[in-house]
Amino acid sequence: VLEDATKAEALFEKACKAQNPFSCYNLAAIFETQKPPNLEKARSLLSKSCVYGSGRACFTYGLWQEKGKGGSADPISSLQSYGKACNLNYAPACLNGGIIAYQNNSAEQAAALYDKGCQLGELGACASFGFLLETGEGVAKNTSLAKQYYQQSCNAGDEKSCQRFVQLQGDTESLQKECTADFNGDSCYDAALRYEKGSYAIQNVDMAVKLVTIGCKQKHYRSCSKLAYYHLEGLG
């Protein structure tokens, strides 16, 4: 068909009135980008799109509320919009909502949003939830679980999470001692990884094999899995 912005707008408006969330969102984009823009109308349409079930619209509406775009700034209301978007599985909203909640002294709500965001793959939410687990704010303190969340974010390239992960683990010598003297499976595995990769320790695959062998004997499943990998690849 021929390009016809006027007709497109009319059709989006018709569909929006029929409570189609994506049409409301597209119509909001039209009002935002037209010259001159009508941000107040666009914000109203984003609100409708959110009510009709668009996670992306709820997230965008939350941003506009937080920043005061198209109307007054209202961070508390933005938290509600972010929360709804998070419940609709729009991952970035979980992180934004968690930040707003934490800033407003609602650590428990922040923890719930960060946890959901991490489950949806938002790595910033993983790191933030790890921090709350480490400090015990809004959730039961669990250093071991905090390390897992930091590691997940670290593996995706977040340098700060890598630093926190290593700091919580402790130095390599301590990990090795906890493995060989206390038979701590987690420590065996963590120390082995450092020796295998040569990170925070001089590379020594033989030592890595020795450590995961100890861990596996303690029925630490990740150590057994790593030991199987070494056998499979003929390492150490």
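## Largest pocket

The largest pocket in this predicted model has a volume of about 270 Å³. A pocket is found on a 1 Å grid over the protein atoms alone: it is an open set of points where a 1.4 Å probe fits, with protein on both sides within 12 Å along at least five of seven lines. Grid points are joined across faces, edges and corners, and the volume is the space filled by probe spheres set on the points. Lining residues have an atom within 4 Å of a point.

The lining divides into six nonpolar, four polar and three charged residues. Here Ala, Val, Leu, Ile, Met, Phe, Trp, Tyr, Cys and Pro count as nonpolar, Asp, Glu, Lys and Arg as charged, and the others, Gly among them, as polar.

## Second largest pocket

The second largest pocket has a volume of about 190 Å³. Its lining is Thr143, Ser144, Lys147, Gln148, Gln151, Phe165, Asp186, Asp190, His220, Tyr221 and Arg222. By class, that is two nonpolar, five polar and four charged residues.

Which helix gives the most to this lining? Helix α9 does, with five residues. Helices α9, α12 and α14 (221-233) each supply at least two.

## How the model was read

Residues are numbered from 1 along each chain as its sequence is written, and side-chain values use heavy atoms, with hydrogens and water left out. In this predicted model, local features need pLDDT of at least 70 and side-chain atom pairs count only at pLDDT 80 or more, while totals for chains, interfaces and linings use all residues.

Helices are DSSP runs (H or I, at least four residues), numbered from the N terminus.

Two packed helices are described by the angle between their axes and the distance between the axes. Axes are lines fitted to C-alpha atoms, for helices over the stretch in contact, and angles run from 0 to 180 degrees between N-to-C directions.

Helix α12 (residues 185-197) packs on helix α13 (residues 205-217) at about 165°, with the axes 8 Å apart. So α12 is roughly antiparallel to α13 (the word applies over 145 degrees). The contact (heavy atoms within 4.5 Å) uses Gly185, Cys188, Ala191, Ala192, Tyr195 and Glu196 of α12. From α13 come Val205, Met207, Ala208, Leu211, Val212, Ile214 and Gly215. By class, the contact has 10 nonpolar, two polar and one charged residues. The crossing of α12 and α13 is left-handed: the near helix is turned anticlockwise from the far one by less than a right angle.

## Helices α1 and α2

The axes of helix α1 (residues 5-17) and helix α2 (residues 21-33) come within 8 Å and cross at roughly 140°. So α1 is oblique to α2.

Helix α1 passes α2 in a left-handed crossing. Glu9, Phe12, Glu13, Ala15 and Cys16 of α1 meet Ser23, Cys24, Asn26, Leu27, Ile30 and Phe31 of α2. This contact has seven nonpolar, two polar and two charged residues.

## Helices α3 and α4

Helix α3 (residues 39-51) and helix α4 (residues 55-67) pack at about 140°, with axes 8 Å apart. That makes α3 oblique to α4. The crossing is left-handed.

On the α3 side, the contact includes Leu39, Ala42 and Arg43. On the α4 side, Trp64 and Gln65 are among the residues. By class, there are eight nonpolar, four polar and one charged.

## Two loop details

Where is Pro36? Its place is in the loop between α2 and α3. The peptide bond from Lys35 to Pro36 is cis, with omega near -5°.

Asn89 is found in the loop between α5 (75-87) and α6 (91-103). Asn89 is not a glycine, yet its phi is positive, about 70°.

Conventions:
Parallel < 35°, antiparallel > 145°, perpendicular 65-115°, else oblique.
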